[in-house]
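Subject: Structure for your files

Hello,

Here is the structure you will be working with.

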Amino acid sequence: MSRNKKKLRDRSQEEQVVKKHVVLPDVEVKKIKEPRPICSICGEPIESIIEAITEADNSYSHFDCVIKTLNEKYHVQEPDKLSYIGHGNFAIFTPDEEGKFTIKERINYESNESYASMIKFVEEHKE
Ligand SMILES: [Zn+2]
């Protein structure tokens, strides 16, 4: 009984070692190959391309920098809120009497082409 238990534990330790060997090199490669474009708004490198926004001229900007710029450009003030709604679109939300946020204005920031080219850029730099 106790011998069987020991055998089982040994096997699971073995599996863990194998798993580590398989997973680690993959992670390393992605880290090195990840593209680091420069943010066109603040000039700092963009750590994660997935969190970047594509500009009309195909440059990239930090998500946070774009939010800040749009807040200023559209004079978004409390209680209104600017939020990313996906696929390169932002929207200004405003609360109704019940406090439920509804879209007041839609802002198309990334064109579909530049969104597609960002996805392509990421794919090309993956391996
Ligand atoms: Zn930035």
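Predicted model: local features only at pLDDT ≥ 70, side-chain atom pairs only at ≥ 80, totals over all residues.

Residues are numbered from 1 along each chain as its sequence is written.

The sheet

An open sheet is made of 3 strands, in the order S3-S4-S5, with antiparallel pairing. Strands here are DSSP runs (E, at least two residues) numbered from the N terminus, and two of them pair if DSSP finds at least two bridges between them. Because S3 (81–86) and S5 (101–108) are edge strands with a single partner each, one side of each has no neighbour in the sheet. From one strand to the next the twist averages 35°, an angle between N-to-C directions of lines fitted to C-alpha atoms, on a scale from 0 to 180 degrees.

S3 pairs with S4 (residues 89–95) over 5 bridges. Among the facing residues, Lys 81 is opposite Phe 93, Leu 82 is opposite Ile 92, and Gly 86 has Asn 89 as its bridge partner. This hairpin has 2 residues between its strands, and His 87 has a positive phi near 50°.

On to the other pair: S4 and S5 are joined by 7 bridges. Phe 93 is bridged to Ile 103 in S5. The hairpin leaves 5 residues between the strands, and Gly 99 in the turn has a positive phi of about 85°.

The core

The largest nonpolar core holds 8 residues: Cys 39, Ile 46, Ala 52, Ile 53, Tyr 60, Val 66, Phe 90 and Tyr 109. Such a core is a set of buried Ala, Val, Leu, Ile, Met, Phe, Trp, Tyr and Cys residues joined through C-beta atoms within 7 Å; buried means that 20 or more other C-beta atoms lie within 10 Å of a residue's own, with C-beta atoms placed from the backbone.

Regards

How values were computed
Helix = DSSP H or I, 4+ residues; strand = E, 2+ residues; numbered from the N terminus. Buried ≥ 20, exposed ≤ 12 C-beta atoms within 10 Å, placed from the backbone.
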